[in-house]
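I opened the notebook to record what I looked up in this structure. The entries follow the order in which I worked.

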Amino acid sequence: MTVRPVVITGEPVLHRRAQPVEVIDDGIRELVADMFETMDRARGVGLAAPQVGVGLRIFTWQLGNEDGIPARGVVINPYLVPAKPAPGEPDPHEESEGCLSVPGEAYPLRRGESAVLTGQGLDGEDLHYEGTGWFARMLQHEYDHLNGFLYVDRLSPKWARRAKKAVKANGWGVPGLSWMPGEDRDPFGHDDTDEDAVGGDVSVGDEVR
């Protein structure tokens with residue numbers, strides 16, 4: 001298993017629709033093993049293949065839940081049906097998200113409170129899960145990655161302006177930028193004693209990043 005660099009917003013693979021996996025072979029199994037290693041080293045709760053520069057429809061997760069879904073898993077060629085988000089503005093204290101590909105930032109975003117996931121497991125078996133709460137949020141966040149969207153693309157105008165300023169201030173938004181989990185400074189401030197990651201891709205307390 002190898003830790004792979006996490007690409008940052010502006011890398012083209014993050015902003016286009018990922019391609020279906022045609023055959024689950026040794027190359028796919030190696031990619032998934034590397035994704036788990038990268039996600040763990042980054043202390044993430046989810047990771048999509050485009051985030052490590054691979055435009056395929058795969059994501060992994062590590063997140064406990066009350067829905068009977070394995071806390072650690074992978075889905076290949078997923079299809080997700082989320083509930084419609086409730087009307088109104090998101091609560092900055094209860095609905096903040098972050099992303100390993102927008103490292104160190106977090107913004108409020110309202111998501112559907114439940115989601116139905118179907119797809120394939122690593123052995124080609126059919127998967128069918130119904131997630132709620134933060135698990136549903138994570139599913140929506142990672143599925144967005146496979147369709148070429150980052151969570152910052154879905155922010156309300158107020159928070160979108162702040163996110164755009166942060167992207168500009170950090171010099172992101174161009175190809176060729178990445179960070180290496182376990183080697184570079186942890187953008188979400190985790191240390192070796194932290195047990196949780198931060199939001200959609202990462203989570204501390206009630207935040208999903």
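I began with a definition: a charge sits over a ring if NZ of Lys or CZ of Arg is within 6 Å of the ring centre and within 35 degrees of the ring normal. By that rule, Arg-154 lies over the face of Phe-149, at 5.0 Å from the ring centre.

Notes on the source. The model is predicted, so I noted that local features need pLDDT of at least 70 and side-chain atom pairs count only at pLDDT 80 or more, while totals for chains, interfaces and linings use all residues. Residues are numbered from 1 along each chain as its sequence is written, and side-chain values use heavy atoms, with hydrogens and water left out.

Entry on the sheet. I took helices (H or I, at least four residues) and strands (E, at least two) as DSSP runs, numbered from the N terminus. Two strands pair if DSSP finds at least two bridges between them. I found an open sheet of 5 strands in the order S2-S3-S4-S7-S8, with antiparallel pairing. Its edge strands are S2 (46-48) and S8 (126-132), each of which pairs on one side only. From one strand to the next the twist averages 40 degrees. Here axes are lines fitted to C-alpha atoms, for helices over the stretch in contact, and angles run from 0 to 180 degrees between N-to-C directions.

I then looked at one pairing in this sheet. S4 and S7 (residues 114-120) are antiparallel over 5 bridges, and Val-81 has Val-116 in S7 as its bridge partner.

Which strands does H1 touch? H1 packs on the sheet and touches S2, S3 and S4, where contact means heavy atoms within 4.5 Å. The direction of H1 makes about 40 degrees with that of S3. H2 lies across S2, S3, S4, S7 and S8 and runs at about 155 degrees to S3.

Entry on the hairpin. S5 (residues 96-99) pairs with S6 in the antiparallel sense over 4 bridges. A hairpin of 2 residues joins S5 to S6, and Cys-99 has Val-102 in S6 as its bridge partner. Is S6 mostly covered or uncovered? I counted 5 of its 7 residues as buried (under 20% relative accessible area, with exposed over 50% and partly exposed in between; 1.4 Å probe, protein chains only).

Entry on the cores. A nonpolar core is a set of buried Ala, Val, Leu, Ile, Met, Phe, Trp, Tyr and Cys residues joined through side-chain atoms within 4.5 Å. The largest one has 37 residues, and Ile-58, Tyr-107, Tyr-151, Val-152 and Leu-155 touch the most other members. The elements giving two or more residues to this core include S1 (6-7), H1 (26-41) and H3 (157-169). H1 gives the largest share, 6 residues. Another core, of 18 residues, lies apart from it, and Trp-61 and Met-138 are among its members.

Entry on the rings. Rings of Phe, Tyr and Trp (its six-membered ring) pair if their centres lie within 6.5 Å; planes under 30 degrees apart count as stacked, over 60 as edge-to-face and the rest as tilted. Searching the whole structure, I found 3 aromatic pairs. Phe-59 and Trp-61 are a tilted pair because their ring centres are 6.2 Å apart and their planes are at 55 degrees. Trp-61 and Phe-135 are edge-to-face, at 5.8 Å centre to centre and 85 degrees between the planes. This pair links S3 (residues 58-62) with H2 (residues 133-146), 74 residues apart. Trp-61 and Phe-135 are both buried. Phe-59, Trp-61, Tyr-129 and Phe-135 form one aromatic cluster.
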